[in-house]
Amino acid sequence: MQSKKRSYQKFIAATVSSVVTAGAVAPIVPYAMAKENQPQFSDVAEKDYFHKAVSSLAGRGIIKGYEKGLFKPYQAVTRAEAAKMIAMTLNLNTDKVKDPGFKDISKNSWAYGSIAALANQGIIVGYGSQFKPNDPLTRAQLAKILTLAFKLQASPLKDKRFTDVQPADWYANYVQPLIEKGITNGTTATTFSPGQTVTRGQIASFLYRSELAVKATQVQAVITGITNQEIATDKGTYTLSPDLKAWINPSNLSALKGAVLHFNAKDRVIEKVS
């Protein structure tokens with residue numbers, strides 16, 4: 001048992017060491033700034049509001065174009081296509097998934113793994129036993145999916161800029177965080193168009209802005225101490241989630257002390273380490 005413990009500690013130490021060494025040699029370029037391997041589409045111009053989003057997502061293989069170098073930014077997105085893009089953006093494991101029980105999506109479908117992964121995490125719920133993969137995705141539906149996917153805080157509608165979103169609407173609580181985080185500007189200054197179909201250009205922008213919003217809330221801190229419940233850093237003390245305690249614990253302090261940790265926290269509880 002002691003041998004296994006020492007081996008695990010050595011693994012942690014080696015992992016942290018390799019990350020620190022790599023960082024010292026060549027700084028990592030954030031996804032928003034990456035330029036390499038970004039496909040160029042003839043129907044996506046630099047002046048387009050979705051240009052940066054499309055370039056970033058396409059450069060990471062999250063979205064792809066069509067023949068003849070086209071992206072078709074104004075083409076409607078189906079629920080299956082959206083599921084694929086969102087699952088890839090979140091970097092979800094789409095292989096080891098539990099069958100969500102949707103009768104209208106085959107396990108052999110190209111989108112099955114993505115749909116199942118999102119359903120397993122409670123990000124999508126479908127329509128009872130159906131997912132309706134070929135139906136177009138609406139902006140109201142996407143608002144809810146993004147709020148759940150990126151763990152934004154759903155809250156009662158306070159910003160009344162959109163005349164077509166009322167506090168009693170089922171999607172209002174999901175539009176509010178998108179407004180607060182700057183993820184949506186609406187289809188006009190006064191309309192969100194909740195029932196309108198999402199286009200490929202729009203979903204690229206929504207995903208890209210959601211990533212930036214989450215990135216802006218991340219904490220970068222140096223580990224100074226670890227207990228069974230908390231982690232001490234140069235930015236203060238944070239409580240660990242049950243999952244993180246499996247590898248961030250006192251037995252690994254010698255390997256982790258001094259390491260730089262990037263994480264998202266809510267109410268001083270670390271929810272996700274990136």
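Predicted model: local features only at pLDDT ≥ 70, side-chain atom pairs only at ≥ 80, totals over all residues.
Visitor: Let's start with the layout. What elements does the protein chain have, and in what order do they run?

Guide: There are 8 helices and 5 strands. From the N terminus the order is α-α-α-α-α-α-α-β-β-β-α-β-β. Buried residues make up 41% of the 274 residues in the protein chain.

Visitor: Why is Thr 138 called buried?

Guide: Buried means under 20% relative accessible area. Thr 138 comes in at 18%, so it counts as buried. You'll find Thr 138 in the loop between α4 (112–120) and α5 (139–149).

Visitor: Which residues does Thr 138 touch?

Guide: Leaving out residues up to four places away in sequence, Thr 138 touches Pro 194, Gly 195, Gln 196, Thr 197 and Val 198.

Visitor: What about Ser 193: why is that one called buried?

Guide: The cut-off is under 20%, and Ser 193 has 15% relative accessibility, so Ser 193 is buried. Ser 193 sits in the loop between α6 and α7. Its phi is near 55 degrees, a positive value in a residue other than glycine.

Visitor: And what makes Ser 42 exposed?

Guide: Exposed means over 50% relative accessible area. Ser 42 has 61%, so it counts as exposed. Ser 42 belongs to the loop between α1 (2–25) and α2.

Visitor: How far apart are Ser 42 and Leu 70, in sequence and in space?

Guide: They are 28 residues apart in sequence and 5.8 Å apart in space, C-alpha to C-alpha. Ser 42 touches Leu 70, along with Lys 68 and Gly 69.

Visitor: How do you know that Lys 68 is exposed?

Guide: Check it against the cut-off of over 50%. Lys 68 has a relative accessible area of 78%, so Lys 68 is exposed. Lys 68 lies in the loop between α2 and α3, and its phi is near 65 degrees, a positive value in a residue other than glycine.

Visitor: On to helix pairs. Why are α3 and α4 called roughly perpendicular?

Guide: Angles of 65 to 115 degrees count as roughly perpendicular. The axes of α3 and α4 come within 8 Å and cross at roughly 70 degrees, and therefore the two helices are roughly perpendicular to each other. The crossing is left-handed.

Visitor: Which residues make the contact between α3 and α4?

Guide: From α3 it's Ala 80, Ala 83, Lys 84, Ile 86 and Ala 87, and from α4 it's Ser 114, Ile 115 and Leu 118. By class, that contact of α3 with α4 has 6 nonpolar, 1 polar and 1 charged residues.

Visitor: Which residues touch the most other members of the largest nonpolar core?

Guide: That core has 59 residues, and Ile 63, Ile 115 and Leu 118 touch the most other members. The elements giving two or more residues to this core are α2 (51–59), α3 (79–89), α4, α5, α6 (172–180) and α7 (200–216). α7 gives the most, with 7 residues.

Visitor: What is Ile 63 in contact with?

Guide: Leaving aside neighbours within four places in sequence, Ile 63 is in contact with Val 54, Leu 57, Ala 58, Phe 71, Met 85 and Ala 204.

Terms used:
Residues numbered from 1 in each chain as written. Heavy atoms only, no water. Helix = DSSP H or I, 4+ residues; strand = E, 2+ residues; numbered from the N terminus. Buried < 20%, exposed > 50% of the residue type's maximum accessible area, 1.4 Å probe, protein only. Contact = heavy atoms within 4.5 Å. Core = buried A, V, L, I, M, F, W, Y, C linked by side-chain atoms within 4.5 Å. Axes fitted to C-alpha atoms, helices over the stretch in contact; angles between N-to-C directions. Parallel < 35°, antiparallel > 145°, perpendicular 65-115°, else oblique. Left-handed = near helix turned anticlockwise from the far one by under 90°. Nonpolar A, V, L, I, M, F, W, Y, C, P; charged D, E, K, R; others polar.
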